[in-house]
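This briefing is meant for someone meeting the structure for the first time. Please look over the sequence and the model, and then read the points below, which are grouped by topic.

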Amino acid sequence: MNSSNETSDSIFIAVKTSVYLIDFIVTGTCSHVIISTVQQELELKHETRYTLLCQHLIYASIYFALGTLTNGFQLFSINLPRILCWILFTLQVTFAQCIMLTLTLMSLNAYIAICWPLRYNSLIDSAKKKITVIMWMLAVQNPLWSMIYQSLNVSLEYITEKDNSCSNPMNGVASRHIGIAFILLCFILIVLCYGFIYREGKRAGHFVTSNVHARKTIFIHGVQLSFFIIPVLITIGFGKKPKLTLLNLINTVIFSVAQCLSPVVYGLRCKELRNKLPKTKFCCCTLKNGKRNYGIFQLNVSLAADTVTDTQSNQVCNP
């Protein structure tokens with residue numbers, strides 16, 4: 001029985017390590033293409049939504065890199081001080097929460113740009129640095145205090161002892177509940193932002209049957225967020241149990257695929273960014289048979305041409 005469980009765990013860790021490694025390569029490559037393009041174009045570099053996008057992609061790449069490391073240590077049974085594994089897991093969870101926070105901030109940014117165009121510049125300029133500090137404070141709280149709490153309940157020898165299982169200090173009930181509450185709060189904020197954007201677009205008469213691009217974007221973003229959030233909630237809610245190894249594996253694959261698509265969903269589908277890519281050495285990533293084959297990045301809501309300001313127009317990507 002124990003031998004069967006060990007074999008199942010070994011297969012799970014091997015698959016998980018491979019998935020994380022592939023995701024790191026794909027996400028890192030796409031992130032490099034997008035970030036390089038944004039850095040080379042001053043027009044894009046000074047826009048908040050591209051700053052948030054670059055941060056989101058960096059956090060995702062680091063998350064997958066740390067996931068590859070921690071699962072690789074478990075796969076090859078490498079003896080490391082237990083505190084080192086705890087630190088790596090703490091960093092991984094921190095960057096995972098940063099991913100969720102940047103998604104939330106991207107939605108809030110789009111909401112303010114579309115619904116409050118006249119106040120957008122003043123709001124963003126005054127809050128930009130404060131938001132970054134608050135975001136990191138929120139992201140680090142749960143994993144940091146979980147590691148400290150775990151350390152207080154064991155001896156110094158236990159912390160520094162070498163362990164080939166690379167244990168996770170985040171399996172406590174309190175940590176899991178806080179993680180679930182954090183994800184749900186971010187998800188609610190994202191849904192509310194999209195709801196307000198949809199209401200504003202419908203009020204202005206842009207969400208009509210002929211405007212398939214806006215409805216398509218809402219659908220794509222909704223599916224991507226669902227594949228991103230639901231597997232995480234299931235994994236955190238049930239915890240690590242031998243009977244749920246297959247479920248955890250499926251959740252890991254779904255989450256990883258969804259996160260791997262983030263550079264496309266939130267980056268390469270934007271026409272403004274896509275048009276800049278051929279000017280760089282990465283033009284092969286955006287052209288196929290002489291034609292660009294991506295859609296849109298954010299909602300195609302150009303609210304009331306008579307009243308739309310330059311700021312609002314620049315914040316919404318066109319197909």
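This is a predicted model: local features need pLDDT of at least 70, side-chain atom pairs count only at pLDDT 80 or more; totals for chains, interfaces and linings use all residues.

With a relative accessibility of 19%, Cys115 falls under the 20% limit and therefore counts as buried.

**Cysteines**

- The sulfur of Cys115 has its closest cysteine sulfur in Cys193, but the two are 8.6 Å apart, which is too far for a bond because a disulfide requires sulfur atoms within 2.5 Å.
- Cys54 is also a buried residue, because its relative accessibility is 7%.
- The structure holds 1 disulfide, and this bond joins Cys85 to Cys166, with a distance of 2.3 Å from S to S.

**Two residues of helix H5**

- Ser146 has its place in helix H5, which covers residues 120–152, and it counts as buried because its relative accessibility is 7%.
- The side chain of Ser146 makes a polar contact, at 2.5 Å, with the side chain of Ser175.
- When neighbours within four places in sequence are left aside, Ser146 is in contact with Pro169, Met170 and Ser175.
- Gln150 also lies in helix H5, and its relative accessible area of 28% is the reason why it counts as partly exposed.
- Not counting residues up to four places away in sequence, Gln150 touches Trp86 and Pro169.
- Gln150 and Met170 are 20 residues apart in sequence, and their C-alpha atoms are 8.6 Å apart in space.

**A nonpolar patch on the surface**

- Leu184, Leu185, Ile188, Leu189, Leu192 and Phe196 form a nonpolar patch on the surface, and together they have about 500 Å² of accessible area.
- Leu192, one of the residues of this patch, is found in helix H7, which covers residues 173–203.
- The relative accessibility of Leu192 is 44%, so this residue counts as partly exposed.

Notes
Residues are numbered from 1 along each chain as its sequence is written. Side-chain values use heavy atoms; hydrogens and water are left out. Patches are made of residues with over 30% relative accessible area and no salt bridge: like charges are joined within 9 Å, nonpolar side chains (Val, Leu, Ile, Met, Phe, Trp, Tyr) within 5 Å. Accessible areas come from the Shrake-Rupley method with a 1.4 Å probe; for residues, only the protein chains shown count as cover. A salt bridge is a side-chain nitrogen of Lys or Arg within 4 Å of a carboxyl oxygen of Asp or Glu. Helices (H or I, at least four residues) and strands (E, at least two) are DSSP runs, numbered from the N terminus. Buried means under 20% relative accessible area, exposed over 50%, partly exposed in between (1.4 Å probe, protein chains only). A polar contact is a pair of N or O atoms within 3.5 Å; within protein, one must be able to donate a hydrogen and the other to accept it, and residues adjacent in sequence count only if both atoms are side-chain atoms. Contact means heavy atoms within 4.5 Å.
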